[in-house]
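User: I am new to this structure and would like to go through it in questions and answers. Please show it to me before we start.

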Amino acid sequence: MNAPRERRAGAGRFALYRCPTCAQALAFSGSGDEGGGLLACAAGHAFPVAEGLPRFVADEGYAGSFGLQWNEYSRTQVDSATGSSITSDRLFRGTGWPTRMEGETILEAGCGSGRFTEVLLATGARVVSFDYSRAADVTWRSFCDAGAEVCQASIYEMPYARGSFDRVFCYGVIQHCPDVALAFRSLVEMVRPGGHLAVDVYDRRRLAFTARYRVRWLTRRMDRARLLRWCRAVVPAYMRLFPPLHPWHQLLFPLKDYRGVYAGLTAAQEVELSVLDTFDALSPAFDQPQYVRTMQRWCREAGLVDVEVKRGGNGIEVRARRSEG
Ligand SMILES: C[S@@+](CC[C@H](N)C(=O)[O-])C[C@H]1O[C@@H](n2cnc3c(N)ncnc32)[C@H](O)[C@@H]1O
């Protein structure tokens with residue numbers, strides 16, 4: 001763990017960032033160790049470093065529900081906290097990536113609470129993560145000591161050199177972006193020639209008729225704290241009173257129910273996960289599932305090679321490489 005600690009010490013830890021507006025290098029002024037300061041490029045674009053994190057966005061924008069969600073449920077899906085391998089299994093099965101990736105640099109887009117950050121760090125790779133919301137703070141707090149390099153930024157204006165990452169990983173994110181196709185193209189741009197891309201997205205064929213899409217017009221407009229209180233009251237009550245929801249019940253009820261879904265979770269963990277995931281389904285400003293054929297087309301249009309687009313995990317999983325040329 002010494003190397004990551006050295007890497008993040010002082011102003012040097014900001015060396016990887018580029019101005020998201022003009023792509024120039026950024027100079028740091030302030031106290032890197034104290035967690036505050038400013039990153040500025042020669043053209044005069046400036047970005048604060050606050051509470052340890054470079055902030056390339058002024059606020060959480062449309063992603064505020066996630067800021068609340070991941071600060072409230074910072075450990076619920078993290079393998080080391082749950083004692084499970086749910087996240088690790090999903091990542092390696094979905095991406096097909098090796099479990100050791102020393103010497104590689106991985107960009108993780110939309111890290112949330114850092115459940116995948118933890119798994120990527122354990123491969124020995126350098127892990128560079130960002131999130132639009134204050135979830136970035138959660139990942140930073142949980143995994144900075146393990147070497148995670150985290151900032152608050154948007155997928156549409158990433159503060160890194162184009163084509164500079166061996167691998168780009170983005171699970172659970174692009175359906176929550178206003179322009180899903182642009183989000184996908186932005187990720188492709190970050191992969192170095194010959195590098196790997198792994199993205200997943202909700203499956204429109206599977207979700208189209210589920211109840212959440214009939215109530216989201218209301219729930220995504222509700223006061224977030226109120227919606228969360230509602231989820232915390234209704235989901236556990238349902239789980240106390242009724243038998244486990246069969247997956248097809250999601251056509252009728254906008255509730256998530258994880259009883260018996262994952263081996264090894266305690267009853268309390270199942271309830272917590274169900275509350276979190278119900279809020280996660282009802283609160284986001286954007287939720288735009290895609291078709292397999294759409295993802296295949298986007299891969300073709302981006303000139304990706306070794307493309308695999310499959311149903312699995314949370315919907316549709318895409319694995320591909322950027323051509324060497
Ligand atoms: C459902 S969470 C998934 C988090 C994490 N990848 C996981 O699977 O646990 C979606 C995340 O995408 C982030 N997000 C949404 N739009 C984004 C954008 N334009 N740029 C970066 N992150 C974004 C949200 O803030 C949120 O943390």
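Analyst: Along strand 3 the side chains alternate between two faces. A residue is buried if 20 or more other C-beta atoms lie within 10 Å of its own, exposed if 12 or fewer, and partly exposed in between, with C-beta atoms placed from the backbone. Helices (H or I, at least four residues) and strands (E, at least two) are DSSP runs, numbered from the N terminus. This is a predicted model, in which local features need pLDDT of at least 70, side-chain atom pairs count only at pLDDT 80 or more, and totals for chains, interfaces and linings use all residues. Residues are numbered from 1 along each chain as its sequence is written.

User: In the antiparallel pairing of strand 2 with strand 3, how many bridges join them?

Analyst: Two strands pair if DSSP finds at least two bridges between them. Strand 2 (residues 36-40) and strand 3 form a hairpin with five residues between them, and Gly44 in the turn has a positive phi of about 95°. Ala40 of the pairing stands opposite Ala46 in strand 3. The number of bridges joining strand 2 to strand 3 is four.

User: Which residue takes a positive phi in the hairpin of strand 3 and strand 4?

Analyst: Strand 3 (46-50) and strand 4 (53-54) run antiparallel and are joined by two bridges. Val49 has Pro54 in strand 4 as its bridge partner. Two residues lie between the strands of this hairpin, and the one with a positive phi near 50° is Glu51.

User: Is Glu51 buried or partly exposed, and why?

Analyst: Glu51 is not a glycine, although its phi is positive. Because Glu51 has 14 C-beta neighbours inside 10 Å, it counts as partly exposed.

User: Asp306 also has a positive phi; is Asp306 buried or exposed?

Analyst: Asp306 is in strand 10 (residues 304-312), and its phi is about 50° although it is not a glycine. Asp306 has 12 C-beta neighbours inside 10 Å, so it counts as exposed.

User: Which elements give two or more residues to the shell around the ligand?

Analyst: The ligand is surrounded by 23 residues (C-beta atom, placed from the backbone, within 6 Å), and the closest are Phe66, Gly110, Gly112, Ser133 and Gly172. The elements giving two or more residues to this shell are helix 2 (64-72) and helix 5 (115-121).

User: Which helices are included in what covers the buried residues of helix 2?

Analyst: Ser65, Phe66, Gly67, Leu68, Gln69 and Trp70 are buried in helix 2. Their cover includes helix 6 (135-143), helix 10 (224-241) and helix 11 (267-282).

User: Which element gives the most to the side of domain 1 that touches domain 2?

Analyst: The chain is divided into domain 1 (53-203 + 290-322) and domain 2 (209-282), with bounds from an automatic or database domain assignment. Their centres, taken over C-alpha atoms, are 24 Å apart. Eleven residues of domain 1 are in contact (C-beta atoms, placed from the backbone, within 7 Å) with eleven residues of domain 2. On the domain 1 side the most, five residues, comes from helix 2.

Conventions
Two residues are in contact if their C-beta atoms, placed from the backbone, lie within 7 Å.
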